[in-house]
Amino acid sequence: MGKPTGFMDYKREECLSEAPLKRIKHFKEFHIHLPLEQQQQQGARCMACGVPFCQSGMMIGGMASGCPLHNLIPEWNDLVYLGNWEAAYHRLKKTSNFPEFTSRVCPALCEKACTCNLNGDPVTTKDNEYAIIEHAYEMGWAKANPPKVRTGKKVAVIGSGPSGLATADQLNKRGHEVTVFERNDRVGGLLRYGIPNMKLEKSVIDRKVRIMEEEGIHFVTNANVGQNVDAKKLLKDFDRVVLCCGASNPRDINVPGRDAKGIYFAVDFLTGVTKSLLDSNFTDGKHVAVKGKKVMVIGGGDTGNDCCGTSIRLGASSVVQLEMMPKAPDTRAENNPWPQWPRVCKTDYGQEEAIAMWGHDPRIYTTTVTEFIKNEKGELCKAKLVKLESKKDEKTGRMMMVPIAGTEQIVDVDIVLIAAGFLGTQKYVADAFGVELNQRTNVATDAGKYETNVENVFTAGDMHRGQSLVVWAIREGREAAKAVDESLMGYTNLSVQ
């Protein structure tokens with residue numbers, strides 16, 4: 001702890017953002033990071049506390065507290081303060097495969113669990129992580145480091161999202177020959193097409209993938225296992241197969257009029273926008289056209305917010321976002337103490353941009369849609385909404401959000417984007433290998449394990465645990481790689497944390 005009084009001497013200074021009305025004119029990242037000298041000062045704010053909840057990754061009150069990767073946060077915060085950036089990079093990389101991704105898209109569970117929250121503002125751990133990894137690239141420390149010895153074992157990883165990439169990275173470091181199969185035209189999975197470019201520029205993915213290729217990992221795109229790639233052949237050609245295909249079954253909203261033209265799943269909308277951006281900078285027209293249209297986003301999570309920000313950039317005339325639940329409090333409630341995850345209202349970038357555009361928050365709480373209304377051409381033109389209230393279900397005892405009689409209203413809408421979450425893995429991939437699914441439609445394994453019911457077939461990520469965060473997917477990939485390595489070699493020296 002290089003600066004024992006740092007948390008008292010220095011105020012929290014986080015990266016700035018471009019003004020909303022300026023950044024909506026482009027699809028590039030819009031954060032403005034501090035100079036290294038100022039970032040070092042922020043590292044001094046870390047207390048090196050006796051129990052560093054920031055790196056715990058524990059489940060408290062049903063939600064994660066601290067980093068699931070168990071990053072050595074106090075160590076590299078102190079190294080940042082001391083200006084020892086190279087050592088900070090190596091301590092960061094010891095537990096994290098992709099800090100270039102998490103420092104951009106992670107909701108910073110570490111900061112929410114920071115002890116400084118008790119009497120002030122948390123350490124800027126996420127910004128410190130960004131500074132470490134980006135400086136490492138600038139200095140050439142983040143270059144390829146191929147394994148010196150190969151084991152002769154071959155592993156196929158199906159899916160190139162964060163869990164698939166983490167699995168591949170770990171197994172390749174161990175010396176196994178790894179081939180990653182991706183059904184899309186570009187590597188990245190959720191990182192590529194599920195997260196908008198302004199949150200994670202795709203050049204950041206390409207930069208890392210090039211390094212992974214230099215280290216010996218093979219990537220095969222347009223390879224849709226179960227359709228144009230034979231699962232049985234993979235089982236024959238590879239010693240192990242790891243399924244990392246994500247939780248890609250979007251939850252639908254089945255109400256009258258659902259077949260109206262102009263209703264899309266958020267994942268399809270965001271994928272089409274990013275692909276059109278990358279392919280042609282939108283000149284091909286192969287994305288949902290929302291310019292001049294009234295957009296309704298159904299779902300209040302991160303994906304819903306991404307739909308708001310994307311629709312605004314594409315020129316929507318208005319954007320509203322329906323949330324079934326009531327607005328969360330602005331500050332922690334008494335029954336939600338630190339170091340629990342703070343269940344408070346978060347206004348994200350897309351909502352900030354909507355407020356700047358139209359002067360009000362786009363979110364409409366305790367509201368859902370009961371009907372979509374079509375015009376004579378079968379196109380969506382209106383939606384019937386109803387207010388909700390929380391009531392206890394007499395049979396189950398659970399609190400449920402139920403409609404309030406007499407609160408129905410009809411609103412004009414041209415485009416609906418359903419961002420209501422995901423139900424689990426797409427069944428055709430599981431069927432191709434014969435793996436079993438559990439009641440949540442995730443691939444079934446024993447608790448805490450990654451082996452499926454099919455010999456030599458493992459699984460990881462959202463396909464295994466259900467829809468979750470990028471950081472959890474990376475953790476799953478690391479754990480699955482360790483299990484695969486042990487099954488191949490009889491022992492393993494791969495670390496999870």
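Colleague: Against which helices and strands do the buried residues of α15 pack?
Modeller: This is a predicted model. In helix α15 (residues 349-358), the buried residues are Tyr-349, Gly-350, Gln-351, Glu-353 and Ala-354. The elements that these buried residues of α15 pack against are α2 (20-23), α14, β11 (318-322) and β12 (363-364).

Colleague: Which residue follows α15, and what is its phi?
Modeller: Helix α15 covers residues 349-358. The residue that follows α15 is Gly-359, and its phi is positive, near 80°.

Colleague: Is Asp-306 buried or exposed?
Modeller: Asp-306 belongs to helix α14 (residues 302-313). Leaving aside residues up to four places away in sequence, Asp-306 touches Gly-194, Pro-196, Lys-199, Leu-270 and Tyr-349. The relative accessible area of Asp-306 is 4%, and a residue counts as buried when that value is under 20%. Asp-306 is therefore buried.

Colleague: How far apart in space are Asp-306 and Cys-114?
Modeller: In sequence, Asp-306 and Cys-114 are separated by 192 residues. From C-alpha to C-alpha, the distance between Asp-306 and Cys-114 in space is 27 Å.

Colleague: What span should helix α13 have, at 1.5 Å a residue?
Modeller: Helix α13 (residues 266-280) has 15 residues. The expected span is 1.5 Å times one less than the number of residues.

Colleague: What covers the buried residues of α13?
Modeller: In α13, the buried residues are Ala-266, Phe-269, Leu-270, Gly-272, Val-273, Thr-274, Ser-276, Leu-277 and Ser-280. Leu-270 is also one of the residues that Asp-306 touches. The cover over the buried residues of α13 includes α10 (190-194), α11 (202-214), β9 (263-265), α14 and β17 (415-418).

Colleague: Is Asn-281 buried or exposed?
Modeller: Asn-281 follows α13 and is found in the loop between α13 and β10 (294-298). Phi of Asn-281 is positive, near 55°, although the residue is other than glycine. The relative accessibility of Asn-281 is 53%, and the limit for this class is over 50%. Asn-281 therefore counts as exposed.

Colleague: Is His-70 buried or exposed?
Modeller: His-70 lies in the loop between β4 (63-65) and α4. His-70 is not a glycine, yet its phi is positive, about 55°. Its relative accessible area is 15%, and the limit for this class is under 20%. His-70 is therefore buried.

Colleague: What is omega for the cis peptide bond that joins Trp-338 and Pro-339?
Modeller: Pro-339 lies in the loop between β11 and α15. The peptide bond that joins Trp-338 and Pro-339 is cis, with omega of about 5°.

Colleague: What is the volume of the largest cavity?
Modeller: Over the whole structure, a search finds four cavities of 30 Å³ or more. The largest cavity is lined by 15 residues, and nearest its centre lie Cys-67, Asn-71, Cys-106, Cys-110 and Glu-129. Its lining divides into 10 nonpolar, three polar and two charged residues. The volume of the largest cavity is about 130 Å³.

Colleague: Which helix gives the most to the lining of the second largest cavity?
Modeller: The second largest cavity has a volume of about 100 Å³. It is lined by 15 residues, and the closest to its centre are Cys-46, Cys-49, Cys-54, Cys-114 and Thr-115. This lining divides into 12 nonpolar, three polar and no charged residues. With three residues, the helix that gives the most to it is α4.

Colleague: How many residues of the lining of the second largest pocket are charged?
Modeller: The second largest pocket holds about 570 Å³ of space. Of the 24 residues that line it, Tyr-89, Lys-93, Asn-145, Lys-173 and Glu-215 are the closest to its centre. Helices α5 (85-95), α9 (162-174) and α11 each supply at least two residues of this lining. Its residues divide into eight nonpolar, seven polar and, for the charged class, nine.

Note on methods: Residues numbered from 1 in each chain as written. Predicted model: local features only at pLDDT ≥ 70, side-chain atom pairs only at ≥ 80, totals over all residues. Heavy atoms only, no water. Helix = DSSP H or I, 4+ residues; strand = E, 2+ residues; numbered from the N terminus. Buried < 20%, exposed > 50% of the residue type's maximum accessible area, 1.4 Å probe, protein only. Contact = heavy atoms within 4.5 Å. 1 Å grid on protein atoms, 1.4 Å probe; cavity = no way out; pocket = protein on both sides within 12 Å on 5 of 7 lines; lining within 4 Å. Points joined across faces, edges and corners; volume = space filled by probe spheres on them. Nonpolar A, V, L, I, M, F, W, Y, C, P; charged D, E, K, R; others polar.
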